Amino acid sequence: MKTLTWIARIVAAVILLQTLYFKFSGADESVYIFSTLGIEPYGRIGSGIAELIATILILVPRTTLIGAIMGCGVMTGAIFSHLFVLGIVVQNDGGELFILAIITFICCAFLVFQNKNKILDLLKLKI
């Protein structure tokens, strides 16, 4: 199961990291997406920063749960944006971005499930 957990971490991290170049460089497709959503450029840069933080947290075993929760949140936004605003296919990409969002969400949800015993510890306040 440890191998499967690392595969999920790496798949989620690679997908999240590869989109950062497009977000931070202002690639046409990325600008189009966030303009259509009405949150360009702040949404594009903000989601990129959130994805970068989530990636780092996912790759560090001690913080995987927090990163995976963040990843689920960001990907939920991406999936809903595709379903209700953008459409599955964006600028003739064949639905690739939508599929990558689904894969990333599944990997992050798996990581949350794998670390479910740590959720209560995460919620406890230590004063």
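How many salt bridges does the count come to? The count comes to 2 salt bridges, a salt bridge being a side-chain nitrogen of Lys or Arg within 4 Å of a carboxyl oxygen of Asp or Glu. This is a predicted model, in which local features need pLDDT of at least 70 and side-chain atom pairs count only at pLDDT 80 or more, while totals for chains, interfaces and linings use all residues. Residues are numbered from 1 along each chain as its sequence is written, and side-chain values use heavy atoms, with hydrogens and water left out.

**Packing of H3 and H4**

- Helix H3 spans residues 42-59 and helix H4 residues 64-86; helices are DSSP runs (H or I, at least four residues) numbered from the N terminus.
- The two helices pack at an angle of about 145°, with their axes 7 Å apart; axes are lines fitted to C-alpha atoms over the stretch in contact, and angles run from 0 to 180 degrees between N-to-C directions.
- In the contact (heavy atoms within 4.5 Å), H3 contributes Ala50, Glu51, Ile53, Ala54, Leu57 and Ile58, and H4 contributes Thr64, Ile66, Gly67, Ala68, Met70, Gly71, Val74 and Met75.
- The residues of this contact divide into 10 nonpolar, 3 polar and 1 charged, where Ala, Val, Leu, Ile, Met, Phe, Trp, Tyr, Cys and Pro count as nonpolar, Asp, Glu, Lys and Arg as charged, and the others, Gly among them, as polar.

- Glutamate 51 forms a salt bridge with lysine 23, and their closest N and O atoms are 2.7 Å apart.
- This pair links distant parts of the chain, since glutamate 51 lies in helix H3 and lysine 23 in helix H1, 28 residues apart.

**Nonpolar surface patch**

- Leu17, Phe24, Ile45, Ile49, Leu52, Ile53, Ile56 and Val60 make a nonpolar surface patch of about 620 Å².
- Patch residues have over 30% relative accessible area and no salt bridge, with nonpolar side chains joined within 5 Å; areas come from the Shrake-Rupley method with a 1.4 Å probe.
- Helix H1 (2-25) and H3 each give two or more residues to the patch, and the largest share, 5 residues, comes from H3.
- Leucine 17 is placed in helix H1.

**Backbone features in loops**

- The peptide bond from glutamate 40 to proline 41 is cis, with omega near 0°, and proline 41 is in the loop between helix H2 (28-36) and H3.
- Glutamine 91, in the loop between H4 and helix H5 (96-114), has a positive phi near 50°.
- Most residues other than glycine have a negative phi, and most peptide bonds are trans.

Note on methods:
Patches are made of residues with over 30% relative accessible area and no salt bridge: like charges are joined within 9 Å, nonpolar side chains (Val, Leu, Ile, Met, Phe, Trp, Tyr) within 5 Å.
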